[in-house]
Amino acid sequence: MIGNARIPMLFTLLLGLSAGAWADDCVDFKWDVTQERALFATPATPLSAGMEAKSAPTVLLNHLYELKLMPQDQVTFAATPGKKTPRAGSNAGIVTFKLPAGGSYRIAIDMPFWIDVVSNGALVTAKDFQGQHGCSAPHKIVEFELHGTRPLFLQLSDAAPDSVRLTITATPARKL
């Protein structure tokens with residue numbers, strides 16, 4: 001029998017162990033994802049994604065959003081998504097963002113689905129990506145080399161859920 005004074009301590013220990021196990025699912029990224037992990041630990045700002053480029057809301061860098069998506073067949077993209085054959089019943093949406101300067105940027109999301117960046121009506125080729133099964137803080141990160149300070153479009157497609165958490169960050173300088 002456990003004494004009443006030990007129950008809160010036992011509960012705290014078990015809670016700590018389960019939180020530690022969850023965090024371990026996110027430690028195998030080959031990049032430094034400290035800033036993305038810190039943002040995913042903050043409350044997300046709710047926002048409805050646009051159904052077309054002209055209605056796309058603006059998102060800010062270094063901020064976590066919870067985007068409400070729409071059925072993909074109702075979304076008119078700024079450019080044809082790179083994923084040509086979406087799953088039946090997929091969800092999608094568009095947001096726009098502006099850069100302070102050209103450079104390498106990351107888009108991090110909490111679920112597996114397709115990410116495209118559109119500049120001047122054309123898809124920007126991803127520089128690199130990675131993801132972690134069992135991790136949702138974040139699950140997938142795609143890195144792009146982006147130029148100029150004009151507004152860009154971020155297209156999210158082929159998503160099973162109808163919402164997604166996302167953030168856009170500058171890629172940290174590589175440590176030697």
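Q: Which residues does Val118 touch, not counting those up to four places away in sequence?
A: Leaving out such close sequence neighbours, Val118 touches Ala78, Ala79, Leu123, Leu152, Phe153 and Gln155. Keep in mind that this is a predicted model. Ala78 sits 40 residues from Val118 along the chain, yet their C-alpha atoms are separated by 6.9 Å.

Q: And is Val118 buried or exposed?
A: Look at relative accessibility, where buried means under 20%. Val118 counts as buried because its value is 1%. You'll find Val118 in strand 6.

Q: How many residues does the largest nonpolar core have, and which have the most contacts inside it?
A: That core has 32 residues, and Phe97, Val117, Leu146, Leu154 and Leu156 have the most contacts inside it. Several strands supply at least two residues each, among them strand 4 (91–97), strand 6 (114–119) and strand 10 (152–159). Apart from this core lies another one, of ten residues, including Phe29, Trp31 and Ile141.

Q: What is Phe97 in contact with, leaving aside neighbours within four places in sequence?
A: Its partners include Val59, Leu61, Val117, Leu146, Pro151 and Ile168. Arg150 is also one of the residues Phe97 contacts.

Q: How about pockets: what volume does the largest pocket have?
A: The idea first: rolling a probe the size of a water molecule over the atoms shows where empty space is left. Here, the largest pocket has a volume of about 160 Å³. Strand 6, strand 8 (126–131) and strand 9 each give two or more residues to its lining. Among the lining residues are Trp114, Asp116, Phe129, Lys140 and Phe144. By class, the lining has eight nonpolar, two polar and two charged residues.

How values were computed
Residues are numbered from 1 along each chain as its sequence is written. This is a predicted model: local features need pLDDT of at least 70, side-chain atom pairs count only at pLDDT 80 or more; totals for chains, interfaces and linings use all residues. Side-chain values use heavy atoms; hydrogens and water are left out. A nonpolar core is a set of buried Ala, Val, Leu, Ile, Met, Phe, Trp, Tyr and Cys residues joined through side-chain atoms within 4.5 Å. Buried means under 20% relative accessible area, exposed over 50%, partly exposed in between (1.4 Å probe, protein chains only). Helices (H or I, at least four residues) and strands (E, at least two) are DSSP runs, numbered from the N terminus. Contact means heavy atoms within 4.5 Å. On a 1 Å grid over the protein atoms alone, a cavity is a set of points where a 1.4 Å probe fits but cannot get out, and a pocket is an open set with protein on both sides within 12 Å along at least five of seven lines; lining residues have an atom within 4 Å of a point. Grid points are joined across faces, edges and corners, and a volume is the space filled by probe spheres set on the points. Ala, Val, Leu, Ile, Met, Phe, Trp, Tyr, Cys and Pro count as nonpolar, Asp, Glu, Lys and Arg as charged, and the others, Gly among them, as polar.
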